[in-house]
Structure formats: C-alpha cells, structure tokens
Amino acid sequence: MTVRANCKINLGLRVVRKREDGYHELQTVMLPVRGLYDTLTIERADSSDVEFRQSGIVVDCPADKNLVVRAARLMQQRYGVGGVRIALDKCVPFGAGLGGGSADATAVIVALNDLFALRLSPATLATLAAELGSDTPFFVYNTPQYCTGRGEIMTPADVDLSGLWLVVVKPDEGVSTAEAYAGVKPQMPADDLCALLRRPVDEWQGSVVNDFEPHIFVAHPRIAALKESLMAQGALYASMSGSGSALFGLYGSRPDVRFDDDVFVHVEQL
C-alpha cells in the first residue's frame with residue numbers, strides 16, 4: 001500500500017515548565033498541512049526483517065535509527081508483524097519543526113495495523129506512536145488538536161482556517177531540538193491559547209507566540225529575517241513552527257511570495 005504522511009505546523013507554542021523527567025510541559029495547537037507530505041510504500045516481505053530504502057531529500061541518519069524502521073520494529077515486537085518492505089520518498093524538510101519524521105513513523109504504525117488486520121483502536125495506535133516521539137500521536141488523528149504534556153495529550157481544537165492560504169518556508173539551515181530547548185525560558189502563560197485562536201487571524205500577531213523564537217532568532221538571524229519577510233509580503237500572521245527552522249505565514253488571498261533560491265517554499269490553500 002502507498003500512504004501519504006503529511007506534516008504539521010504549530011499555532012502558538014508555550015513552554016510552560018521543565019519536568020523532573022527532563023521533558024518540558026507544552027501548550028500548542030497542531031494543524032495538519034495536507035499538501036506537504038512524504039510518500040511511503042509499504043508491503044509484506046518474504047524475510048522477517050524490515051527492508052528500507054529512501055529517495056528524495058537525503059537524511060543523514062543510519063537506517064536502523066530512522067523512525068520509519070523503528071516504528072516497523074516496534075510493531076513487530078508488540079504484535080508479531082511479519083517482515084515488511086518500506087520505501088520512503090521524502091519531501092518534507094527535516095530539522096524544521098514540521099514533524100516530518102514523526103509523521104512517517106505514525107504512517108507506518110497505522111499502515112501496518114491495516115496491512116496485518118490488527119484492528120487496533122486509534123487510542124492504542126496513538127499510545128504506540130507516543131513511544132517514538134512527543135508529536136507522533138497527533139498524526140494518528142491528523143486534525144487540529146490542542147496538545148499539552150510533552151505534546152502527546154490531545155483534545156480537538158476548534159480552529160478553522162479554511163479558505164486561507166499557507167506559505168511554509170525553510171532556510172538552508174536547521175535547528176536541533178536540543179538547541180531549541182537549551183535556550184528556552186519556561187513560563188506559565190497568563191492567557192488561554194485556544195481563546196486567542198478564536199480571535200480573527202489578523203489579531204494573532206504578538207499574542208499567539210512561539211516561545212522558542214526569541215533565542216532562536218538571536219542565534220539564527222536568517223530565520224528571524226524570513227519571518228519579517230513573510231509579514232512584509234502580506235501575511236496576516238507569521239510564526240516559526242515547532243522548534244524551527246521552518247516558518248509559516250497565513251494569507252487572506254493567494255500570495256505572490258518571493259524568496260532566495262536556497263529557501264524551501266511550499267504554498268497551499270487550507
């Protein structure tokens with residue numbers, strides 16, 4: 001079978017506190033980006049192992065460390081899933097805060113549930129996905145979700161951006177998760193993120209914030225400049241997604257945006 005693993009953006013991201021287990025408590029709303037996706041072809045294999053190959057964007061990661069392979073092996077260990085052959089055509093930039101690797105892993109879990117007729121519930125699939133990452137469970141549901149905890153505790157979010165245009169940009173540099181969290185200053189927000197998101201989009205700027213931006217923008221001036229460029233080119237709202245380095249802008253009509261040749265650009269109507 002062939003499946004699409006679309007990415008996500010974060011509408012606001014608050015880092016509330018650091019937990020005793022080393023993780024951070026978050027508040028964010030994740031929104032699926034349907035038109036920007038990786039493609040996975042997954043089929044049974046004669047061997048008992050996981051056969052993996054990749055095309056598209058090159059990810060500097062050994063195959064056995066890739067979340068796709070780890071997801072397949074998790075399903076083998078828990079449910080006796082047989083050998084599988086997986087081909088990944090990668091189009092979602094990595095090191096971007098778009099959740100591309102998490103989306104791929106979750107797509108494998110969901111696909112193997114279908115391929116081997118396991119009949120696992122969405123809640124069980126989300127619990128499995130959470131073992132591979134904090135934002136992986138989101139992709140089981142793949143609808144707007146208000147996420148707390150490490151990002152794995154979710155409730156449906158009442159966010160409808162249909163009709164708006166989305167522009168996603170990523171410079172030719174990444175931000176590691178370790179770098180992002182090392183510089184952030186956790187704080188309990190005084191306002192409610194979901195209430196802010198019920199306001200008109202053109203009122204979000206300055207109130208719907210990403211707590212990673214201040215120190216990431218200092219360390220990576222080009223990322224800051226790209227956000228300024230999105231706003232200068234007519235965005236109603238612009239923000240960094242996740243821990244970066246991708247940013248996005250929301251527009252009221254189809255935008256005619258221009259960026260340097262080395263900037264990844266994706267445009268779609270929501």
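**Close-up views of a predicted model**

**View 1. The second largest pocket has a lining of nine nonpolar, three polar and two charged residues.** Ala, Val, Leu, Ile, Met, Phe, Trp, Tyr, Cys and Pro count as nonpolar, Asp, Glu, Lys and Arg as charged, and the others, Gly among them, as polar. This is a predicted model, in which local features need pLDDT of at least 70, side-chain atom pairs need 80 or more, and totals for chains, interfaces and linings use all residues. Residues are numbered from 1 along each chain, and side-chain values use heavy atoms, without hydrogens or water. Among the 14 lining residues, Arg4, Thr106, Ala107, Val110 and Phe139 lie nearest the pocket's centre. Helix H2 gives the most, six residues.

**View 2. The largest pocket is lined by 44 residues.** A pocket is an open set of 1 Å grid points over the protein atoms alone where a 1.4 Å probe fits, with protein on both sides within 12 Å along at least five of seven lines; lining residues have an atom within 4 Å of a point. Closest to the centre are Gly99, Ser102, Asp135, Thr177 and Ser243. The lining holds 18 nonpolar, 19 polar and seven charged residues.

**View 3. Ser243 sits in the loop between strands S8 (237–240) and S9 (247–251).** Strands are DSSP runs (E, at least two residues), as are helices (H or I, at least four), numbered from the N terminus. Ser243 is buried, at 12% relative accessible area (under 20%, 1.4 Å probe, protein chains only). Beyond four places in sequence, Ser243 touches Gly97, Val175, Thr177, Ala180 and Phe212 (heavy atoms within 4.5 Å).

How values were computed: Buried means under 20% relative accessible area, exposed over 50%, partly exposed in between (1.4 Å probe, protein chains only).
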